[in-house]
Amino acid sequence: MRELFETSPFDDPVEATRRSMRIAPQRRFYERATTAAVADGHAVRLDDKPIRTPARRVLAAPTPALAEAIAAEWQAQKDTIDPAKMPLTRLANAIVDGVADAPQPVADEIGKYLASDLLFYRAGSPSGLVALQARHWDPILAWARQALGAEFKLCEGVVHVAQPEAALAAARAAIPPEPWRLGAVHAITTLTGSALIALAMACGALSADAAWQAAHVDEDWNMSQWGRDEMAMARRDFRFAEFLAAATVLACCP
């Protein structure tokens with residue numbers, strides 16, 4: 001089973017375990033997926049045998065709710081086990097193997113996104129897009145200002161604007177240190193292009209639906225003008241499943 005979730009070597013500690021190689025699904029070999037309390041949390045088991053990560057660690061979640069959610073993903077598999085349809089397991093593997101022992105590089109990567117966050121770069125036109133960006137993004141920036149004490153600069157266009165170090169430091173202080181929440185925030189950051197969206201979700205200031213909408217303001221506007229691209233939508237659906245897995249981790253690990 002290990003090869004199903006084996007990954008290619010990437011420099012980033014999360015991506016090294018999140019991105020599985022494209023391997024043909026394996027036939028389902030177990031009857032039931034369950035959970036059990038262990039020393040490191042709550043392990044997921046297949047017919048009472050522990051699941052192991054690609055690094056051969058026991059796959060154990062910090063809370064019963066999260067372990068049960070991972071087990072439900074395994075139980076939902078039909079005749080074959082398809083890792084592409086198991087985003088929560090992939091994220092759990094990433095956190096256990098790639099974040100738990102080396103959280104600082106993951107936090108640093110989130111910090112890099114903060115320096116050039118999606119929400120800082122605004123359109124000058126058309127007016128409809130300008131209004132949509134303001135509607136979805138301004139409340140998040142207001143939350144960062146009020147809750148975190150982080151006052152950021154906005155600009156029109158895509159030319160980089162340097163942010164005040166005090167604002168960056170205030171936002172970095174909100175990055176969760178706990179590996180599971182940290183891994184989830186990193187996943188949401190990379191999927192949305194916005195560390196502020198991820199931090200607002202982690203702090204309970206933004207729902208998953210509102211976060212996903214905020215991350216796709218520009219894309220949705222373009223689709224409303226030019227129509228849908230089915231291949232792009234298929235990729236977006238895949239990313240949305242990964243996004244919901246990260247949201248599940250945050251919800252189950254308060």
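Predicted model: local features only at pLDDT ≥ 70, side-chain atom pairs only at ≥ 80, totals over all residues.
The protein contains eleven helices and eight strands. Taken along the principal axes, its C-alpha atoms occupy a box of roughly 55 × 40 × 30 Å. A compact globule with 254 residues would have a radius of gyration near 18 Å, and the value of 19 Å found for the protein agrees with that expectation. Of these 254 residues, 47% count as buried, and the accessible surface comes to about 12,400 Å², with 54% of this area belonging to carbon and sulfur atoms. Among contacts between residues at least 6 apart in sequence, 61% join residues that are at least 24 apart, a figure that describes how the chain is connected across its length.

The charged side chains come next. The protein carries 26 positive and 31 negative side chains, and the centres of these two sets lie 3 Å apart. Side chains of opposite charge can pair when their charged atoms come close. With a cut-off of 4 Å between a side-chain nitrogen of Lys or Arg and a carboxyl oxygen of Asp or Glu, the count comes to eight salt bridges.

Asp101 and Arg57 meet through their side chains in a salt bridge, with an N to O distance of 2.5 Å. This pair links distant parts of the chain, 44 residues apart, since Asp101 lies in the loop between helix 3 (87-98) and helix 4 (103-115), while Arg57 lies in the loop between strand 4 (49-50) and strand 5 (60-61). Asp101 has a relative accessible area of 57% and is therefore exposed, whereas Arg57, at 31% relative accessibility, counts as partly exposed.

A second salt bridge is formed by the side chains of Arg122 and Asp138, at 2.9 Å from N to O. Here too the pair links distant parts of the chain, with Arg122 in strand 7 (residues 121-122) and Asp138 in helix 5 (residues 127-148), 16 residues apart. Arg122 is buried, because its relative accessible area is 13% and the limit for burial is under 20%; Asp138, by contrast, counts as partly exposed at 33% relative accessibility.

Glu219 forms a salt bridge with Arg236, and their closest N and O atoms are 2.8 Å apart. Glu219 belongs to helix 10 (residues 217-226) and Arg236 to helix 11 (residues 230-252), so that the pair links distant parts of the chain, 17 residues apart. Salt bridges with shared partners join Glu219, Asp220 and Arg236 into one network.

Leaving aside residues up to four places away in sequence, Ala92 touches Leu59, Ile70 and Trp180. The C-alpha atom of Ala92 is separated by 16 Å from that of Asp82, which lies ten residues away along the chain.

How values were computed. Residues numbered from 1 in each chain as written. Heavy atoms only, no water. Helix = DSSP H or I, 4+ residues; strand = E, 2+ residues; numbered from the N terminus. Buried < 20%, exposed > 50% of the residue type's maximum accessible area, 1.4 Å probe, protein only. Rg over C-alpha atoms; globule rule 2.2 N^0.38 Å. Contact = heavy atoms within 4.5 Å. Areas by Shrake-Rupley, 256 points an atom, 1.4 Å probe, with all protein chains shown as cover. Lys, Arg positive; Asp, Glu negative; His and termini not counted. Charge placed at Lys NZ, Arg CZ, Asp CG, Glu CD.
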